[in-house]
Amino acid sequence: MTIRVIIVDDQAMVRAGFAALLAAQSDIDVVGEAADGRKGVELARGTRPDVVLMDVRMPEMDGLAAARILLDTQEEGKDHETYDDGAAVSRPKVLMLTTFDADDYVYEALRAGASGFLLKDAPPADLIAAVRVVAAGDALLAPKVTRRLIADFAQQRPAQRRRPAVQLDGLTPRETEVVELVARGLSNQEIADHLVLAEQTVKTHIGRVLAKLDLRDRAQAVIFAYESGLVTPGDR
């Protein structure tokens with residue numbers, strides 16, 4: 001299936017460059033561009049993309065506020081939105097575009113439900129791969145970047161804890177071990193190697209963790225691990 005993408009960024013050159021790169025892929029269709037978060041939300045509702053590339057800092061409405069609107073399912077209590085024509089479609093995956101000087105926003109973006117983040121100076125191949133990864137329902141958490149960013153955010157901007165010990169008690173020792181390694185930025189293959197398991201077994205454990213903790217994806221599992229105290233910022 002073709003992946004429908006919109007690009008929301010206040011820099012015209014960035015939008016043009018990303019659009020040209022993605023449109024050249026046979027499985028990706030760029031269906032629109034917007035210069036700020038408010039227009040991005042309107043565009044998303046009109047074009048119904050699979051993936052939204054969302055800049056963090058923009059005028060009118062920043063990417064974090066726009067992502068919250070696009071990903072807010074609490075009001076309806078479901079993971080899809082019903083449009084005026086009666087069609088119910090899945091909400092888009094949001095991939096945040098950021099630079100290290102925008103670190104403050106990334107943790108909040110992940111907590112809001114974004115599927116991950118990508119540095120604006122990443123190689124072109126990484127952008128293409130990122131779109132495909134989040135479109136497939138996975139979270140984009142590059143280990144080297146994730147370990148630094150999430151640890152910093154958890155330390156600087158702690159969220160109110162919601163009885164995490166009770167939730168952790170519902171996990172098996174192996175599942176607890178797996179979610180801890182996910183939070184430390186290890187890939188499925190790295191976790192498999194560390195625990196001497198098959199990669200498919202690791203995927204099964206992660207799926208069970210998400211179901212038991214009522215988490216949307218791998219990104220939320222990382223956030224939970226830090227907020228619950230399972231992983232302490234700065235430790236190894």
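**View 1. A five-stranded open sheet, seen in a predicted model.** Two strands count as paired if DSSP finds at least two bridges between them, and the elements themselves are DSSP runs numbered from the N terminus, with helices (H or I) of at least four residues and strands (E) of at least two. With that in hand, the open sheet here has five strands in the order β2-β1-β3-β6-β7, with parallel pairing. Because β2 and β7 (116-119) stand at the edges with a single partner strand each, one side of each is left without a neighbour in the sheet. From one strand to the next, the twist averages 25°; angles run from 0 to 180 degrees between N-to-C directions, and axes are lines fitted to C-alpha atoms, for helices over the stretch in contact. A note on reading these views: this is a predicted model, where local features need pLDDT of at least 70, side-chain atom pairs count only at pLDDT 80 or more, and totals for chains, interfaces and linings use all residues. Residues are numbered from 1 along each chain as its sequence is written, and side-chain values use heavy atoms, leaving out hydrogens and water.

**View 2. Strands β3 and β6, with helices packed on the sheet.** The parallel strands β3 and β6 are joined by five bridges, and Leu53 stands opposite Leu95 in β6. Helix α1 packs on the sheet, touching β1, β2, β3 and β6 (contact means heavy atoms within 4.5 Å). The direction of α1 makes about 165° with that of β2. Helix α5 (residues 124-135) also packs on the sheet, where it touches β1, β2, β3, β6 and β7; its direction makes about 125° with that of β3.

**View 3. The largest nonpolar core.** Such a core is a set of buried Ala, Val, Leu, Ile, Met, Phe, Trp, Tyr and Cys residues joined through side-chain atoms within 4.5 Å; buried means under 20% relative accessible area, exposed over 50%, and partly exposed in between (1.4 Å probe, protein chains only). Of its 26 residues, Ile6, Val8, Val52, Met54, Leu70, Val94 and Met96 touch the most other members. Two or more residues come from each of β1 (3-8), α2 (37-47), β3 (51-55), α3 (63-71), β6 (93-98), α4 (103-112) and α11, with α3 giving the most, five residues. Another core, of 23 residues, lies apart from this one and includes Val182, Leu186, Val202 and Val209.

**View 4. Helix α11, a covered element.** All 11 of the 11 residues of α11 (residues 218-228) are buried, among them Arg218, Gln220 and Glu227. Gly229 follows the helix, and its phi is positive, near 90°.

**View 5. Salt bridges.** Here a salt bridge is a side-chain nitrogen of Lys or Arg within 4 Å of a carboxyl oxygen of Asp or Glu, and the count comes to seven. Arg15 and Glu33 meet at 3.4 Å, N to O, linking helix α1 (residues 12-23) to strand β2 (residues 28-34) across 18 residues. Arg15 is buried, at 14% relative accessible area, whereas Glu33 is partly exposed, at 40%. Arg174 pairs with Glu177 at 2.9 Å, N to O; because they are three residues apart in helix α8 (residues 173-183), about one helical turn separates them. In the bridge between Glu180 and Arg184, the closest N and O atoms are 2.8 Å apart.
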